[in-house]
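Please open the model in your viewer and keep a selection panel at hand, as this tour goes from one selection to the next and says what is there.

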Amino acid sequence: MLETLLSPKMLLTIILMGTIVYITYLTKKNENASDFFVGGRGFGWFTNGSAIGGDYLSAATFLGIAGLTFQLGYDGAYYALCFSIGLTLLAIFVAGPLRRFGAYTVADFLGYRFHSKRARLVAVLVVFSISGFYAAPQLLGAAQILSMFFGTSYEFGIIFTCAVMIFYVGVGGMKGTTINQALELWIRLAAFVIMAVVAIYGGLHYDKVLDGINSVTGPIADTSPYALDGKDVEVDGEAWSGTGFYFPTFWDTISITIALALGTIGLPHILLRFYTNPSAKAARKSALMAIGIASVFFLFAVYLGTVGRGIFISGEASDQVMSDMVTGGNNMVIPSTAQALGGEWLLGLVIAGAFAAVFSNLSGLFIASSGALAHDLYGTFIKKDMTEKQRVMAGKVAILVLAVVYGALGLLVKDASIGHLVALAFTVAASTFAPIFILGIWWRRMTEKGAIAGLLVGLIVSMWMIFLPGTVPDFLTFKVPGIVTVPAGFLAVIIVSLIDRRVPADVNDFMKKVHSKEAESI
Amino acid sequence: MAAEYQDYDYVEASTVKFDDLPPLDPQIKENMRGELTTGLILTAIYFTFIFSIPVLNWYFPEIAFKPIWGGMSLTWFLTTFVTMAMAFIIALIHTVLYERRLKNVEKLQPVKEDDEDARNVTIS
């Protein structure tokens, strides 16, 4: 028992959990709705930049990108390229104006811009769709780690992670969440940096590892005991390092680029982060810092996925690592690589980092969705005259409801790829909120009906193409269908707005508020 | 700190035909034009680079997949190194240009403490 408790993976995970509990306890005082939903708007650019990074660099990045690179080669690494674009576009077109607007939730933007309850209601529906899509793979990552390295069942992993979230977000609100996210980001980055240093020190230089992988085609000796079919695992070095291994056509590649590049602009938990800055100037700096961190992170993720592949192909790792790499699926490549590189202590750090990634991202999703449920839905449509305390309480009850819903979704995606599922969440976000925010901020002609049409068309088309691909004509079928769904969302907004022509009478005041430079540094 | 959010009371807001809408304040129009032009130019440069990678991969594979450093091909280098740097550089240029324009505005229109509330009136 004591030996188990003192094992590095257990020890470091307990330290992480203890830190979360301590920070949550310190920040538990949420006196009003501003404290609970946007952390009192008091976080500076460094903390917020770290927290945006923490929010953005989820399990999909920490585990997913490396896993996709390990499995798909160049096409897997291409996911990192696409994910890296989004924050930059967000910084250019949305970050500053969004902070100048200042609100609690993403749906507030539509509520204000169009004075519309209907638009707010549709926005809430979209927030839940995106958050659900995003939360499920995060829970999958946590449950797989618990299952693989602590021997728990998948179902226990889901329930445990949801329970942690109820405490983490329900008690700490946005204040606790932000500080925890910022701290957790640096844990993950430290894990990646140490892994990369150990790999390079051990002679696993990028050029050499890639050379080794490219030159091997055929079965990997002695891997049959771990494979489901009982045969040695086959690899194809040339296909792995080329394109077309996963994305079969040029247009498939363009499609994922569009979806992932614009998806970030539509992610509710990322957009919400810009409300927590004290000023628009701080919002821009936060975004810049998050982009720098994310770029470094993606670079490491692809390198470590490649190193994992190199280790696997060389067949020099321990039986345990070889077995984990085959049976753990692509989501568990980073922990297995860490174990191969640095033994139990590095594995422990990576497991703590993976939990940090999951908690960090999930907490952002919980906060964003609890705002949608408690503030946009309950507070707007059911009980309009809530006191500040009742608003906070409604937010906490919403966390409980969301834990049950997300937990159920997590149970449904047991065998999926984290990176790919998140890419689909990005597709929905890019097809719904991205057109609304870009056009809502920069185009006065956008009308309420146009906004609602854009949200509904973007949501319905993306859901159709993701869930019912068999019914989609062949020429419109893509691995990630952004090339169809994103233009559909934009076109719906533009066409309906041009036909409708009735804009809010105070749209000029709105534009003044979000584009006034005098208010920038306040 | 910016003005705190205030709930909108959901009185049915009036709408006007876009053609009847008064023109935008010239200063705001100028702000938006400057901001959007810079953003679009930077985005065009960024996306030209981004989309050149799949074009290179699919239509010029002999160049794209030519090893340039051990087993690392040109496209692998562009995808995993240069793109990451580009994301930051484009955002940095945007921020620097924005702050330069902001300084110019502040020189022309010095901010007074007393104006703070007036500038942050919540739309309702």
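For the helix angles on this tour, axes are lines fitted to C-alpha atoms over the stretch in contact, and the angles run from 0 to 180 degrees between N-to-C directions. The model is a predicted one, and the predictor gives the complex an ipTM of 0.85 and a pTM of 0.86.

Begin in chain A by selecting helix α17, residues 333–382, together with helix α18, residues 388–412; their axes come within 8 Å and cross at roughly 120°. Because angles of 65 to 115 degrees count as roughly perpendicular and those over 145 as roughly antiparallel, α17(A) is oblique to α18(A). The crossing of these two helices, α17(A) and α18(A), is right-handed. To see the contact itself, show side chains on α17(A), including A:Phe366, A:Leu373 and A:Tyr378, and on α18(A), including A:Arg391, A:Ile399 and A:Leu402. Sorted by class, this contact of α17(A) with α18(A) comprises nine nonpolar, five polar and one charged residues.

Next, stay in chain A and select helix α5, residues 59–72, with helix α6, residues 74–93, which pack at an angle of about 145° with their axes 6 Å apart. Among the residues that make this contact are A:Ile65, A:Leu68 and A:Leu72 of α5(A), and A:Asp75, A:Tyr79 and A:Phe83 of α6(A). By class, the contact of α5(A) with α6(A) has seven nonpolar, four polar and one charged residues.

Now bring chain B into view and select where the chains meet: 58 residues of chain B are in contact with 68 residues of chain A. On the side of chain B that touches chain A, at least two residues each come from β1 (15–17), α1 (26–59), β3 (72–73), α3 (74–108) and α4 (116–119). The helix to highlight is α3(B), which gives the most to this side, with 17 residues. By class, the side of chain B that touches chain A has 37 nonpolar, 16 polar and five charged residues.

Then zoom in on strand β3 of chain A, residues 502–504, which pairs with β1(B) in the antiparallel sense over three bridges. Here, A:Arg502 stands opposite B:Lys17 in β1(B).

Finally, colour chain B by pLDDT, which averages 80 over the chain, with 76% of the residues scoring at least 70. Over residues 1–11 of chain B the pLDDT is below 50, although this stretch has 22 contacts in the model beyond near neighbours in sequence. Residues 112–124 of chain B likewise stay under 50, and the model has 20 contacts for them beyond four places in sequence.

Terms used: Residues numbered from 1 in each chain as written. Chains lettered and ligands numbered in written order. Helix = DSSP H or I, 4+ residues; strand = E, 2+ residues; numbered from the N terminus. Parallel < 35°, antiparallel > 145°, perpendicular 65-115°, else oblique. Left-handed = near helix turned anticlockwise from the far one by under 90°. Contact = placed C-beta atoms within 7 Å. Nonpolar A, V, L, I, M, F, W, Y, C, P; charged D, E, K, R; others polar. Pairing = 2+ DSSP bridges. pLDDT = per-residue confidence, 0-100.
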